[in-house]
Amino acid sequence: MKGLLYYGNRDMRYSNNVPEPELIDARDVKIEVEWCGICGSDLHEYLDGPIFFPHDPNGKNHVSDFGYHLCLGHEYSGTVTEIGSKVSTLKVGDTVVVETTGGCNDRYRYPNAPNFGTKKCTACRNGKTNACKYLTFQGLGLSSGALAERVVVGEHHVVKIDNSKIPFDIGALIEPLAVAWHAVSHSGFKKGSNALVLGAGPIGLAVVLALQGHGAGTIVCSEPADIRRDQAGTLGAQTFNPMDSKDSIEDLRAMAPGGEGFEHTFDASGVPSTFTSSIQCLGPHGVAVNIAIWGHKPVDIYPMDITLQEKNVTGVMCYTRKDFEETISAIENGLIDIEKIRKMITGKVRLEDSVEKGILELVNNKEKNVKILVSPKMGNV
Ligand SMILES: [Zn+2]
Ligand SMILES: [Zn+2]
């Protein structure tokens, strides 16, 4: 079949000759892919990788024992085409999206892997599969991903969508929206609360939508790049350009209702200045959430910025199945506006063109794009 394979740093290759994925367990399902989004993580694997893939090209994934040359792609929608004999919650023809983390709950599938059969980690025993000590991802080394015609995944990762309410292209954005949904939920967000989002890349924009889904009051988004800031405005956030300000901390704090800082802040940029801003722009007892993925670099912070006014600083990692289910019902119930989600799609390309018009387009024209979707079917109709 067709697919986009990972070969290592700056080396991703389209192929017509990817092996057909097969069910390896009676609880597996096969899915025909409709749309798959290209994620910032895919770009990191291209530019700075391997990150989630084994660092040694001859290395193996710690859960599946699979090596390189697997397909990328973990933000997707599709239709179930085959089910294993023990699958009970899905049938052929179901329209679905997939929660693509891997960890303790997946080790049963790989009897030859070194971590097969060992007991579940503390996080997984508590249902926090996103904090699993073995965390890995389909499409990022665990198993072959959805920048392909078909994928196979364990039933417990698959969540049905009602295709009459959520079309397939919107379905492919549920994964990044679930990242944002998890961040907002994890911060203890209450209806009517206010928030500051630092950065209006794909995840920052998804946080704006997830905040709306949680019934937020004032939402301010700070972003220096004009195109991205405008996109946040189109989605309904008040916008702020830190380049226009002599004291962006004071100016941002003043934009919160009451003028003394925000109840919640979300750092979706991941640079030292946004991390410290996320703390300094909080009001008393506020919660700062780091949602950005960082390299190994330290940040200077003053502990008294947290201690005075008893602020909370936390970080979030991907999502659980529950975040997918809640995101889907927020879309189905109109709490997140489908037309706003659609504004995040800035390109649709064929799988055959996914390196040139997908990966490289995002690398070279970062600000012009939010989300590029890839279809293995486009052009074949
Ligand atoms: Zn992603
Ligand atoms: Zn675990």
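User: Which protein donors hold the zinc ion (ligand 2), and how far from it do they lie?
Analyst: This is a predicted model, where local features need pLDDT of at least 70, side-chain atom pairs count only at pLDDT 80 or more, and totals for chains, interfaces and linings use all residues. Residues are numbered from 1 along each chain as its sequence is written, and side-chain values use heavy atoms, with hydrogens and water left out. Donors are N, O and S atoms within 2.8 Å of the metal (3.2 Å for Na, K and Ca). For the zinc ion (ligand 2) they are Cys-104 (SG), Cys-121 (SG), Cys-124 (SG) and Cys-132 (SG), at 2.3 Å.

User: What spacing do the donors of the zinc ion (ligand 2) follow along the chain?
Analyst: The donors include Cys-104 and Cys-132. Along the chain, the donors of the zinc ion (ligand 2) are spaced C-x16-C-x2-C-x7-C.

User: Is Cys-132 buried or exposed?
Analyst: Buried means under 20% relative accessible area, exposed over 50%, partly exposed in between (1.4 Å probe, protein chains only). Cys-132 has a relative accessible area of 6%. Cys-132 is therefore buried.

User: How many residues does the contact take from domain 1 and from domain 2?
Analyst: The domain assignment, automatic or from a database, gives domain 1 (3-173 + 344-375) and domain 2 (180-315). Contact means heavy atoms within 4.5 Å. Domain 1 gives eight residues and domain 2 gives nine residues.

User: How many salt bridges are counted between domain 1 and domain 2?
Analyst: A salt bridge needs a side-chain nitrogen of Lys or Arg within 4 Å of a carboxyl oxygen of Asp or Glu. Between domain 1 and domain 2 the count is zero.

Technical notes
Chains lettered and ligands numbered in written order.
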